[in-house]
Amino acid sequence: MLFWQMAWRNVWRYRRRSLLTVLTIALGLAFNILMRGIGDGFHEQMVDNSVRAGIGHIAIHRSGYQRDPALLKTLPDLSLLEHVVPQTPHLRGCSFRVLGDGLASTAGNSTGVRIVGIVPESERSVSTIDRAVIAGEFLNERMSRPALIGERLSQSLGARLHDKIVLLVQAADGSMGAQLFRVAGIFRSGSSDLDRGVVYLLRNDAQSLFSLEGGVSEAALLLHSSQSVAVAQQFLDQQLRGIPAEILPWYVVEPFLRQFIQLDDAFFYIIVLILFFVISVGILNTVMMSVLERVREFGVMMALGTKPGQIVRLVMQESVALALVGVAMGAALGSAATILFAYQGIDLSHYAAGAAALGITTTVIHPELTLRNLIVSDVSVVLVVLVVAFYPAIKAARFRPVNAIRHI
Amino acid sequence: MAQIELTNVSKTYHDHVAVHALANINLAIEKGEFAAAVGPSGSGKTTLLNLIGALDTPDSGAIRIGELEITSTPAAKLADFRLRHLGFVFQSFNLFPVLSVLENLEFVPALRGLPKPDRVHRAEQLLEAVGMIDLRDKRPDELSGGQQQRVAVLRAILPEPDLVLADEPTANLDSENAALLLDMMERLNHERAVTFLFSTHDPAVMSRARRLIRLKDGRIVEDQVPKR
Ligand SMILES: Nc1ncnc2c1ncn2[C@@H]1O[C@H](COP(=O)(O)OP(=O)(O)O)[C@@H](O)[C@H]1O
Ligand SMILES: [Mg+2]
């Protein structure tokens, strides 16, 4: 009714003050949306990197492997797994790998390494390691006993492309296995763990090295997004019920990454809390001043029969009008900024020199604009405004008309 | 039975010292009256009008307006009573600055829940009748002081209240505009039988009243129907 009109016009009655408040709300909200978007994008990319560097969104091992990864703990019922895993919903790719530890040696040096036996085509669908090759080639089945090693490992071993290396391992049957391999490719992934200490072999070669006779250590699954983990996990839990396998999402395999993300989120919420507090003070000031400047007007309204509840409503409506203008501006600004940065990417490589050591290889962040972020941010701003405006609204409704009318 | 009846009404303010703003007032006002409360500044006119207008409560005595005994009515109900039975005109700044003349007139009918087309129709009819339809869409700050007070009177009478209380409505007007306002009030009193109780300390305005209630130090010292 007439109240919305009054509220709307009252907002623009003190144009400059209202614009300033609207701007505060808009900038605060835009900042919130952009920062949340950067956070989400950063986290998703970290997960993506980590997941593609090896573990996958979901890893399947024999039960007990996660706690104590022993060579003998190979996947149970491989034929069932090879049948079920490719049907997982939201699956982008899967790789069945052999994992083990050993000693890599050249004529001059030797060092401990992690040995990963892969089927090149499957590995390609799960990890980005094939794209990290800087010399030679990614593995393929036509090569004879090829090894793909990291750049740092190649330096520490003094093994260049086509050089021979010897891998010495303790095999599954307890015997010592030692075989000769040829460096077919060198990669640089950006992750120091990978670059310094991993040797990729063809899966058959690895099985023979470890005397595994067809055994496989893990299945790594890559999904379309980390959002799909729950659905995929549920499917696998159901299909693989009864066999001694553990189906673990990335955040169980890499708890550190999840903890980092949670910590980062908590930090963000503290900043948002401070930001909202600052905005609240601005709004409280604006609404309070506009109420105190209109004491007489409220007195006249009440004399004419306006009830205290309606006065509260009017002041709240004014605040909502103010908030909605701010939210509209802020949401537009925040979305535009997020989309712009998502398109361009935010390059943090200058600040990320030490980050690789921590396993953070994400240096260009692409913020993400999600509907959820947008709605949550907008609604929280409106709620904050409603809560803050309540005090001045109650104050206005408590004026006694006789006194208010004497007030000039 | 009189429309308004005050019995032994007293009001004292305690502001450092006790000020007896009204002492032992007995007063009856009939439907259709055109009465003025007069007296020097501080004599208790505003206090009297506020008490009758249910904006304030007396310390002792009883006030009855129509059927309602104000002194024994809870404050929450008084707002509704004012909305349905009373009209108010104050000395100045009566109108809501963000609303046009038409919207100011709509305000009370809107509070009473009258649908938009009805209240617009009634407001326009009234503006037509008094020859002020040109001001329909003007904002208060575009009006002269005289025009503002006339619109305030129209806003008070539009919902057809039992009584219009006007506290020094001409105090901020020149004599010409004061006369115009009184003309309008007289006409509405005559044509629409609106009961008016207004206050003034201006002799020219007093001369227009059909009844003078003269106050001094919170007491009625004279209550007369002047000769015409
Ligand atoms: N809120 C108040 N607090 C203290 N004294 C008041 C208050 N309102 C009125 N008075 C005193 O009561 C007396 C009557 O005032 P009022 O009714 O305003 O007179 P008038 O309208 O005739 O000028 C005056 O002495 C005035 O100072
Ligand atoms: Mg007075």
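**View 1. Trp250(A) is buried at 8% relative accessibility.** Buried means under 20% relative accessible area, exposed over 50% and partly exposed in between, with a 1.4 Å probe and protein chains only. Tyr251(A), at 27%, is partly exposed. This is a predicted model: local features need pLDDT of at least 70, side-chain atom pairs count only at pLDDT 80 or more, and totals for chains, interfaces and linings use all residues. Residues are numbered from 1 along each chain as its sequence is written, chains are lettered from A and ligands numbered from 1 in the order written, and side-chain values use heavy atoms, without hydrogens and water.

View 2. Rings of Phe, Tyr and Trp (its six-membered ring) pair if their centres lie within 6.5 Å; planes under 30 degrees apart are stacked, over 60 edge-to-face, the rest tilted. Phe42(A) and Phe260(A) have ring centres 6.4 Å apart and planes at 80°, so they pair edge-to-face. The two residues are 218 residues apart: Phe42(A) lies in helix α2 (residues 15-55) of chain A, Phe260(A) in helix α10 (residues 255-292) of chain A. Helices are DSSP runs (H or I, at least four residues), numbered from the N terminus. Phe42(A) is buried at 15%; Phe260(A) is partly exposed at 25%.

**View 3. Arg17(A) lies over the face of Tyr14(A).** The distance to the ring centre is 4.5 Å. A charge sits over a ring if NZ of Lys or CZ of Arg is within 6 Å of the ring centre and within 35 degrees of the ring normal. The charged end of Arg145(A) sits over Phe181(A), 5.9 Å from the ring centre.
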